[in-house]
Amino acid sequence: MRYPVSGSNAAAITPATASARVAVYGVTSGRVFWLRGVSVAINATNGPLVLLDATVGSTATTPSLVVDLATASGGTPISTIVREFAAPGIKFATNCVAMMNASGSIPIGEVTVWGYEE
């Protein structure tokens with residue numbers, strides 16, 4: 001059975017270190033999360049944003065998804081970024097956690113993921 005779900009970051013997302021990995025969606029035990037979309041309300045930051053199938057604070061290095069955060073000259077954000085993925089989506093079995101792959105940060109609540117668990 002499929003259960004529609006969504007989540008967002010409850011802490012600021014900062015540059016890549018194990019301690020900087022922030023939960024965006026916690027997968028329910030015994031289920032998998034299929035990511036069908038992600039949005040990032042970008043500010044004046046550098047990217048890209050990296051989503052990992054890992055636990056918060058882990059040292060996993062293989063990204064499940066990398067989202068480029070486009071900025072204009074001078075570091076001005078282009079717009080909110082929305083990416084949607086065809087069924088079944090991108091599979092996360094542990095948790096969907098995020099980090100920056102460069103300098104900058106993304107404030108609380110500005111990364112949202114949605115999809116379903118099964």
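A: Leu52 has Val97 as its bridge partner, and Val97 belongs to β8. The model in which this pairing is seen is a predicted one. The two strands concerned, β4 and β8, are antiparallel and are joined by five bridges. β4 covers residues 49-53 and β8 covers residues 95-100.

An open sheet of four strands runs in the order β2-β8-β4-β5, with antiparallel pairing. β2 and β5 are the edge strands, each with a single partner strand, so one side of each has no neighbour in the sheet. Ignoring direction, neighbouring strands of this sheet are turned against each other by 25° on average.

Asn95 is another residue of β8. A polar atom of the Asn95 side chain lies 2.9 Å from the backbone nitrogen of Val27. With neighbours within four places in sequence left aside, Asn95 is in contact with Tyr25, Gly26 and Val27, and also with Leu52, Asp53, Ala54 and Thr55.

In soluble globular proteins, nonpolar side chains tend to be buried together. The largest nonpolar core here has 23 residues, and Phe33, Leu49, Leu51 and Val113 touch the most other members. Two or more residues of this core come from each of β2 (22-26), β3 (33-40), β4 (49-53), β5 (65-67), β7 (90-92), β8 (95-100) and β9 (111-117). The most is given by β3, with four residues. Apart from this core lies another, of five residues, including Val50, Leu52, Ala54 and Val97.

Leaving aside neighbours within four places in sequence, Phe33 is in contact with Val5, Tyr25, Val27, Ile90, Lys91, Phe92, Cys96, Val113, Trp114, Gly115, Tyr116 and Glu117.

β9 has pairings of its own. β3 and β9 pair in the antiparallel sense over seven bridges, and Ser39 stands opposite Thr112 in β9. Strand β1 (residues 3-8) is also joined to β9, by six bridges, and the two run antiparallel. In that region Tyr3 stands opposite Glu117 of β9. β9 is mostly covered, with five of its seven residues buried.

One loop is worth a separate mention. Pro88 lies in the loop between β6 (81-84) and β7. The peptide bond leading from Ala87 to Pro88 is cis, with omega near 5°. Most peptide bonds are trans.

The whole chain gives the setting for these details. The protein has zero helices and nine strands. Of its 118 residues, 38% count as buried. Among contacts in the protein with a separation of 6 or more, 81% are between residues 24 or more positions apart. The protein exposes about 5,700 Å², of which carbon and sulfur atoms supply 54%.

Key: Residues are numbered from 1 along each chain as its sequence is written. This is a predicted model: local features need pLDDT of at least 70, side-chain atom pairs count only at pLDDT 80 or more; totals for chains, interfaces and linings use all residues. Side-chain values use heavy atoms; hydrogens and water are left out. A nonpolar core is a set of buried Ala, Val, Leu, Ile, Met, Phe, Trp, Tyr and Cys residues joined through side-chain atoms within 4.5 Å. Buried means under 20% relative accessible area, exposed over 50%, partly exposed in between (1.4 Å probe, protein chains only). Contact means heavy atoms within 4.5 Å. Accessible areas come from the Shrake-Rupley method with a 1.4 Å probe; for residues, only the protein chains shown count as cover. Two strands pair if DSSP finds at least two bridges between them. Axes are lines fitted to C-alpha atoms, for helices over the stretch in contact, and angles run from 0 to 180 degrees between N-to-C directions. A polar contact is a pair of N or O atoms within 3.5 Å; within protein, one must be able to donate a hydrogen and the other to accept it, and residues adjacent in sequence count only if both atoms are side-chain atoms.
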